[in-house]
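Hello,

Here is the structure you were waiting for. Please open it next to this email and read along.

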Amino acid sequence: METVKLTIDNKTVEVPKGTTVSKAARMLGIDIPLLCHMELHDLGIENKPAGCRICVVEVEGRRNLAPSCVTTCEEGMVVKTHTTRVLNARRTVMEFILSDHPKDCLICPKSGHCELQDMAKRLGIREIPGQEIAAMSTYRKDTSPSIIRDLDKCIMCRRCEMMCNEVQTVGALSAINRGFMSAVAPAFEQNLEYSPCTYCGQCVAVCPTGALTEVNHTPDVLRALADPSKTVVVQTAPAVRAALGEEFGLEPGTLVTGKMVAALRALGFDYVFDTDFAADLTIMEEGTELLDRLKRHLSGDKTARLPILTSCCPGWVNFFEYYYPDLKDVPSTAKSPQQMFGAVAKSYFAGKKGINRKDMVVVSVMPCLAKKYECQRGEFSVDGNPDVDYSISTRELAAFIKQANIDFNNLPEEEFDNPLGESTGAGVIFGTTGGVIEAAVRTAYELYTGKKLERLDFTELRGFEGVRSATVDFDGLKLNIGIAHGLGNARKLLDDVKSGKSQFHAIEIMACPGGCIGGGGQPLHHGKSEILKARAAAIYREDKNKPLRKSHENPFIIELYKEYLGEPNSEKAHHLLHTHYFERKKKIFVKP
Amino acid sequence: MSEKIIKLMVCSGKNCSRKQGDDITDALKLELEAVSLENKVQVVRTACFGLCNAGPVVKVWPEGTIYTGVSPDDAAEIVNEHILKGRKVERLLYTDPATGKKIPDEKSLTSLKKQLRIVLRNCGITDPENVEDAIAHGAYLALAKVLTEMQPEDAIKIIKDSGLRGRGGGGFPTGLKWEIARKNQSDEKYVVCNADEGDPGAFMDRSVLEGDPHAVLEAMAICGYCIGSSNGLIYIRAEYPLAVQRLKIAITQAREYGLLGKNIIGTGFDFDIEIRYGAGAFVCGEETALIHSMEGLRGEPTVKPPYPAQSGFRGKPTNVNNVETFACVSPIILKGADWFSSIGTQKSKGTKVFALAGKVNNVGLIEVPMGTTLREVIFEIGGGLPKDKKFKAVQTGGPSGGCLTEKHLDTPIDFDNLVAAGSMMGSGGMIVMDEVDCMVAVAKYYLDFTVEESCGKCAPCRIGNKRLHELLEHISKGHGTRADLDRLRNMSVVIKDTSLCGLGQSSPNPVLSTLDNFMDEYIAHVDAKKCPAGKCRDLMQYLIVKENCVGCTACARVCPVNAISGERKEPHLINQSVCIKCGACYEKCKFDAIIIQ
Amino acid sequence: MSSIKIELRQEDISKIREICASFNNDEQELINVLHKCQEHFGYLPAEVQEVISDCMGVPTAKIYGVVTFYSFFTMTPKGKHPVSICMGTACYVRGAEKVLEEFKKELGIQVGQTTKDGKFSLSSLRCVGACGLAPVVLVGEKTYGRVAPDDVRNILKEYKDK
């Protein structure tokens, strides 16, 4: 590899050609502050508009200061990162940015997690000269079902725009206006609801300030918990347990399942259940649907469309409803685990306990913001009573626990309640990219071949590559499997499906890069992809430690079918556990 | 080609009002037909002659008689007297503001004596809508020479040796730019002409495109041959409909004559040109922003490298030069590198076109050799300041340039001297200011422009310039302090030092140069709360001088807020708490009884 | 948010489709498409942008981002007689600001607005290249040179009944 040698703050370093100055500095232990720049290395995601100009450094022989985030090292370069000139420039630019930013940090939802706040602290900003005559760029606030936009706090880092357009290819957000009034917003500065937004929340996940935050549903949950007439049931998604600990200072990748259950119980939930149970149920329904379509397809039935696409990710569902309405009969009709759980809780479980569904409140804790929108969809309610009443994010749960004076780290480990709290390892791995399809393969293999699956770890389906494919041998039948995470990658596979080029039998899609572990409702990763990797590893660890690792072996699932649903894909199962899709793009109104 | 031997050239620059130009043209044609001379004398609409103060202008070619203030009614006299009888129409001759004398022909024009026209060589001489006329004046000779006699490397060497530097602002050596673009291998390359002239007060590119479009087309084709490209793009302001129209005509005609398109003049070289429109964004003058704009995106600049020569339009090597730079190419090829490099200063060769405007007698486009002093330009070519007002400053380089003063008047103009003096060449705007111009207000005016034109991508330009503008506003209202002046300077330095593109890197120049050269004026604003030029409304008072006031009541009647009281034939008084400083009384008073303080 | 809601007629949609098609629905030609559409409709309301988005497969947000970036594009209809005051340096130095103030006063609108009767709209321009005539005012295609605030009323009078 070709290398170059340069000097940074009088220290010499040799780096591969093409390395940026900021990265070379880091190798020397020099931490140049970066604000707008963000890189998720393992996912191949980088935001580098070089717009904030905080990271400027002095390069000998150069007329002006150089942004270290994009300036590449050259042979013999002499760089200084903390001269008076650099420090003065950095401070002055920071003062500029702060002069156009609200100062309501105390009551900002991002307080404590705000990168701008951290930077102000790091640079030791104590006053903003001229603030009294400084105009602020202000915009209309927008609250959608999942996301709140407060552009007064936008610093034009463009991370959200990059995620929405380049990574997710959703195209809901764009830089708008020019100069001082520029910001990132949907078309016509309308609410997100009228845009193609899928509520994947990746914009929220990367926003360094309080410009993009989630809609907070904890007050509603608190009200329900305080109401003695309500039975409040909570379900927790698989990816939550692998990330919640970070909010309490634990290492990324620490599994906190037991403590989380204890905390939820301490918060006053009547039943603490697991979405993983519903994930197992999803596998039963989706796996059966896959096998059914596959068998029909193999026997020459032209109406059986393949590949089958997973449907547990609400961001993904929103995406194809908007961009691929003509493919809406391709994805599985199985509801997502969150909604399956709600439907079962408010029918089967409520019946078992003799509770009227109107007196039951189902709360979900999700790594996801699209789930907030999903549970509000009209088709997931009975007579106006939603199957899932409130969905809160991992971050909201953490805040809730802190508000309730619970010393999380010293809680004892507790177990989920039954019957909707038992799950297999297959349900757990739903939380990371490749997990749903791996879980489906484990069950489908045994159902299809009638043989016992010897090797449970399908490592070929794992990893962080954006688009992956593998062929699994179903006793002679070669099943082609595709996996995509991130909607931009999903689009690639979908375009192939649309044009008839796709050779896959089944495709798993998760809207967020990394899958649910990288969801828009998770603790903020601040651009560190090793955090996402640690979470994924934790998920696979939990799977490995489970005594049961195949969904169809979950005794409570078996009981549910026996007692209530009959067979997978039975009429009752269809009624309760399946859904249909809509075209979401609005038609252009034509004057007759 | 054309058999017509005499040309009547009617200026169709914007200053001469197109409508009137059309009427004059029609009238002249009618009169010529009446005396059956329509085949001997040609009436041509041409670009600006640079005599905008005296328009509409008609020039008789080749002798160079200039008639000014012409109306359609004068057509008969011009044809009957001048064309038929060979007698000049005395009353329409141009009066030189410098001498007050009638000028028989353009050779006697003081303002033209110091000029040297390379870029504008054909403007006002050829018919821009007639390729034959252009060819008759030497167009496409250089292209033919390059295609038939030279290897691309040879032509690049000539351009390099000539010392030609980019006229768009930065002053990057053109030959070197071409060489880099040539060396970057690619299946496709692009030649882009930047005609997105956005400086307020500069219109040289428009004049070249309107007056001599073939000069640009030819140079682009030469550039295409040199760098190995067959695709040319002209990025032009949509606000220049006449230039667009003439370019379209020129491109069509050049294609018809085999000078553009496939197999140019039978040499096997292909080159064609498309027009792309700007949509009103000053920042698109920056080449990376321009390229994004041509790709249908917001015109935001990106960090260089990669340079357009490496990865430009559609990710392909792209060479961007502006109109004036291209207009220099053919003469260099024809007359040689030595000829061009003999003109100008050591590091800035050739000529430069300036748009001379503001408080100066001769407003218009001028072209002078590099190294001409500001004094020569303003006082000899420009004819000095009107109403014998005192020269105060000259602002060069457009909105991002600086204000230069008396002490810079004898500085030879070139790229490096202007930068050293705290300004820049820019695209060649040159605005003269006199004693009643307030430099704080001038700095504020330019910042207002930059704030509006900042693309918003980088924080120092997006927010910093806004803060500069606010602080200047604060000072001009009389609320400033000495500490604010230090802040002005610090913010300016940081914005220059940290901004992403040339816009932000130069936007504080008007502030810094006025701080450097007119500190006393700033101090007057912050210490005494006075505006010495009497421009800053909040810092001035209109006062009635008792001794001069005759009590005519004119001022009281014109005052919109009834702030003036007084009996008829008695001295009047302005109630300062009511006065809104509109200046109506000042304009009205015939007795110099109202003063500004 | 755009305050104007218009309903497009089928022929308007066809026209937009035709314009987009004439540029091969090529994303890179977006600015040319917007120019043509503005030429046709006089402005670029949200609905027009939505149809363009549909034809060219460019997200509406991106189109809006482009429209709001360039000052030549407008989302509000211009008046029948658009009044533009040149604020180029030469005009500014020669008092264009006062002329603009006078127009604002006479018309009762700010820059970028249109009078209620739809007759006049007001905009400021950056140099029309007629510096010799500074200050310059354009009403529609007609140029007025060396305009003083006192002339404003008379200029507008010319168009009162047109």
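Below is what turned up, going from domains to backbone details to a chain contact.

One caution before the rest: this is a predicted model.

**Domains of chain A**

Chain A splits into domain 1 (3-82), domain 2 (99-214) and domain 3 (218-577). Take domain 1 and domain 3 of chain A. Their C-alpha centres are 41 Å apart. The two still touch: eight residues of domain 1 of chain A are in contact with seven residues of domain 3 of chain A. On the domain 1 side, the largest share comes from strand 3 (residues 38-40) of chain A, which gives three residues. By class, that side of domain 1 of chain A has four nonpolar, two polar and two charged residues.

**Cis peptide bonds**

Look at two prolines, one in chain A and one in chain B. In chain A, the bond from Leu306(A) to Pro307(A) is cis, with omega near 0 degrees. Pro307(A) sits in the loop between helix 8 (275-298) and strand 15 (308-309) of chain A. In chain B, Pro305(B) and Pro306(B) are joined by a cis peptide bond, and omega is about 5 degrees. Pro306(B) is also in a loop. That loop runs between helix 11 (287-294) and strand 10 (318-322) of chain B.

**Positive phi**

Thr169(A) is not a glycine, yet its phi is positive, at about 50 degrees. Find Thr169(A) in the loop between helix 4 (159-167) and strand 10 (174-176) of chain A. A residue needs 20 or more to be buried, and 12 or fewer to be exposed.

Ile265(B) is not a glycine either, and has a positive phi of about 30 degrees. Ile265(B) lies in the loop between helix 10 (241-256) and strand 9 (272-278) of chain B. Ile265(B) is partly exposed because it has 14 C-beta neighbours inside 10 Å.

**Chain C against chain B**

Here, 29 residues of chain C are in contact with 33 residues of chain B. Which elements of chain C give two or more residues to this side? They are helix 2 (30-41), helix 4 (60-67) and helix 5 (89-93) of chain C. The side of chain C that touches chain B has 16 nonpolar, 10 polar and three charged residues.

Best wishes

Key: Residues are numbered from 1 along each chain as its sequence is written. Chains are lettered from A and ligands numbered from 1 in the order in which they are written. This is a predicted model: local features need pLDDT of at least 70, side-chain atom pairs count only at pLDDT 80 or more; totals for chains, interfaces and linings use all residues. Domain bounds come from an automatic or database domain assignment. Helices (H or I, at least four residues) and strands (E, at least two) are DSSP runs, numbered from the N terminus. Ala, Val, Leu, Ile, Met, Phe, Trp, Tyr, Cys and Pro count as nonpolar, Asp, Glu, Lys and Arg as charged, and the others, Gly among them, as polar.
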